Amino acid sequence: MRQILIAPSILAADWSQLGQEVKSLEKAGADWIHVDVMDGHFVPPITVGAQAVQALRPLTALPIDVHLMITPVDAHIEAFAKAGANILTVHPEAGPHLHRTLQTIRSFGIKAGVALNPSTPLETVLSILPAVDLILVMSVNPGYGGQTFIPYVLEKVRILRKIIDDRSLPILLEIDGGIHAETAPLAIEAGIDVLVSGTAIFGRLADSTGHAYASAIAGLRGSK
Ligand code: DX5
Ligand code: ZN
């Protein structure tokens, strides 16, 4: 049985108390903290930079999973790595040489991920799999929380799962966008290891007790 990891996206959290939100998520059983970095260029909204990762770093022992929706991305890798990110995931469209970008990420001793938009072919990563630690299959177009899950990206997940298993590759498969109690089982069935979820976890007021988050997280994992 594959272990399913839950990576809450703080995009949907209460930003007036982000530190408390992260602590609540850890208490509630989250496995990773997913930070969405948007630049107003690769995607329309602007969120936060490396300073936010640096501020959250001492507040949690959980891996910080940073999803970079910024272009050009290369000049920012070092800042996010030094801020304490454990995983840096980039979009192939965000720089001229994806393989070099992944090498740069790994040179800081952290994990390198590739995010595939719904329209990005999985072939983009096939020839460079040894340089990849994680593949993030986008199940919405990047930029906003609360969008509707695109079911046919699961075909990409199934093909990647088979390649990873057949070759025993140490690559995690992550999915991001529209993941909630109904879509999580579909993603798990298709072969996902890591579920990112924003609105399905934070679809309520900030939760300093962590109870509401705990049941949402357990529900996604399928352990409830
Ligand atoms: C979208 C982001 C997601 C987003 C997911 O560009 O990458 O991480 O926060 O939000 P939900 O779970 O609400 O679809
Ligand atoms: Zn994301």
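## Close-up views of a predicted model

**View 1. Ligand 1 sits in the largest pocket.** On a 1 Å grid over the protein atoms alone, a pocket is an open set of points with protein on both sides within 12 Å along at least five of seven lines, and a molecule sits in a pocket if more than half of its atoms lie within 2 Å of its grid points. This is a predicted model, in which local features need pLDDT of at least 70 and side-chain atom pairs count only at pLDDT 80 or more, while totals for chains, interfaces and linings use all residues. Residues are numbered from 1 along each chain as its sequence is written, chains are lettered from A and ligands numbered from 1 in the order in which they are written, and side-chain values use heavy atoms, with hydrogens and water left out.

**View 2. The shell around ligand 1 has 20 residues.** Such residues have a heavy atom within 4 Å of the ligand, and those that come nearest are Gly-143, Asp-176, Gly-178, Gly-198 and Thr-199. Strand 2 (33–38), strand 3 (64–69) and strand 8 (194–197) each supply at least two residues of this shell, and strand 2 gives the largest share, with three residues; strands (E, at least two residues) and helices (H or I, at least four) are DSSP runs, numbered from the N terminus.

**View 3. Polar contacts of ligand 1 (pairs of N or O atoms within 3.5 Å) involve both side chains and backbone.** Oxygen atoms of ligand 1 lie 2.7 Å from a polar side-chain atom of Asp-176, 2.8 Å from a polar backbone atom of Gly-146 and 3.2 Å from a polar side-chain atom of His-67. The protein covers 99% of the 380 Å² of accessible area that ligand 1 has on its own, as computed by the Shrake-Rupley method with a 1.4 Å probe.

**View 4. One aromatic pair is counted.** Ring centres must lie within 6.5 Å, with planes under 30 degrees apart called stacked, over 60 edge-to-face and the rest tilted; the rings of Phe-202 and Tyr-213 have centres 5.1 Å apart and planes at 70 degrees, so this pair is edge-to-face. Because Phe-202 lies in helix 8 (residues 199–202) and Tyr-213 in helix 9 (residues 211–221), the pair ties together parts that are 11 residues apart in sequence.

**View 5. The peptide bond from Thr-71 to Pro-72 is cis.** Its omega is near -5 degrees, and Pro-72 belongs to the loop between strand 3 and helix 3 (77–83). Most peptide bonds are trans.

Terms used:
Phe/Tyr/Trp six-rings, centres within 6.5 Å; stacked < 30°, edge-to-face > 60°. Polar contact = N/O pair within 3.5 Å; in protein donor to acceptor, adjacent residues only side chain to side chain. 1 Å grid on protein atoms, 1.4 Å probe; cavity = no way out; pocket = protein on both sides within 12 Å on 5 of 7 lines; lining within 4 Å.
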